[in-house]
Amino acid sequence: MITLTPDAELAFNLAELEKNKTVAVELKIANNSSTDRVLFKIKTTKPQNYHVKPNSGIIPAGGAVTIQVALLEAAVNQPSDSKAKEDKFLVQTVLESDCKEPLPKVIETKEEATIVKERWTVVEAQGKNAPITKNKLTCRLLHPEQSNGAAPAVAKPPPSSSAAATPPASGTVPTKPTQSSVTPKATTPAASKPKPKPAPAAVETKTAGGDQTMPSIMILFVVFLLGVIMGKFAI
């Protein structure tokens, strides 16, 4: 029955806020019927953030209408486009032939809004059986770096230090290194002390004859003294 351009998403370029207080995009609704006029109405989940003009009207058979959808500057306080994804638009359309009361052949501009509102009230009163076609659109905020085609810069993590100690796994108790696992420190070798020379061995004293030693002389001397004492020898 109708064709939307764009047909799935409204993308708002935030770079335009440097010049204007709003960011506007165009939504085109084309009537594919060659015989019936189409009534349309546009709703949004955040009416306080957007200005839609016109938000309702009549599209002639085979004709089209261009809608201006403006995002207000006061609403652009979202840190990422994930929140903008929550904003949605709903385009509702109905054929003139599906309305219980036909539309006037000629509609004055000042009367169009009133006539469209009355026809929508009658159609929506049919509840689930209402012959309404619904098309949904999502929203996305394009930041300056995204609108220029450049990918946002991603901060690189700082290089890990090789000297940093790896923390122990959870639930484990760090153990002290054993004596065998500790590398002994290098010690400076002490200066070597000279070894004491051994005392010279006792040298036996020989007489001129070479066959008597000092102990024999001492024995004779002792015997002589004993003889004197005993009075065997006269002095």
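This is a predicted model: local features need pLDDT of at least 70, side-chain atom pairs count only at pLDDT 80 or more; totals for chains, interfaces and linings use all residues.
A residue is called buried when its relative accessible area is under 20%.

Strand E1 pairs with E3 in the antiparallel sense, and four bridges join the two strands.

Strands of a sheet pair through backbone hydrogen bonds, in either a parallel or an antiparallel arrangement. Here, four strands form an open sheet in the order E1-E3-E7-E5, and the pairing is antiparallel. The edge positions are taken by strand E1 (2–5) and strand E5 (50–53), each of which pairs on one side only. On average, neighbouring strands of this sheet are turned by 20 degrees against each other, with direction ignored.

Between E3 and strand E7 (residues 64–72), the antiparallel pairing extends over nine bridges. Lys28 stands opposite Thr66 in E7.

## The aromatic cluster

A pair of aromatic rings is described by the distance of the centres and the angle of the planes. A search of the whole structure finds two aromatic pairs. Phe12 and Tyr50 form a tilted pair, with 5.7 Å from centre to centre and 45 degrees between the planes. This pair links distant parts of the chain, since Phe12 lies in strand E2 and Tyr50 in strand E5, 38 residues apart. Phe12 is buried, because its relative accessible area of 0% falls under the 20% limit. Tyr50 likewise counts as buried, with a relative accessibility of 5%.

Tyr50 and Phe89 form an edge-to-face pair, with the ring centres 5.1 Å apart and 75 degrees between the planes. Tyr50 lies in strand E5 and Phe89 in strand E8, so this pair ties together parts that are 39 residues apart in sequence. Phe89 counts as buried at 3% relative accessibility. Phe12, Tyr50 and Phe89 form one aromatic cluster.

## Lys21, an exposed loop residue

Lys21 is found in the loop between strand E2 (9–13) and strand E3 (22–31). This lysine is classed as exposed because its relative accessible area is 65%, and the class begins over 50%.

Which residues does Lys21 contact, leaving aside its neighbours within four places in sequence? The contacts of Lys21 are with Leu71, Leu72 and Glu73. Between Lys21 and Leu71, the separation is 50 residues in sequence and 8.9 Å in space, C-alpha to C-alpha.

Leaving aside neighbours within four places in sequence, Glu96 is in contact with Asp36, Arg37, Pro102 and Leu103. For Leu103, the backbone nitrogen lies 3.4 Å from a polar atom of the Glu96 side chain.

How values were computed
Residues are numbered from 1 along each chain as its sequence is written. Side-chain values use heavy atoms; hydrogens and water are left out. Buried means under 20% relative accessible area, exposed over 50%, partly exposed in between (1.4 Å probe, protein chains only). Contact means heavy atoms within 4.5 Å. A polar contact is a pair of N or O atoms within 3.5 Å; within protein, one must be able to donate a hydrogen and the other to accept it, and residues adjacent in sequence count only if both atoms are side-chain atoms. Two strands pair if DSSP finds at least two bridges between them. Axes are lines fitted to C-alpha atoms, for helices over the stretch in contact, and angles run from 0 to 180 degrees between N-to-C directions. Rings of Phe, Tyr and Trp (its six-membered ring) pair if their centres lie within 6.5 Å; planes under 30 degrees apart count as stacked, over 60 as edge-to-face and the rest as tilted.
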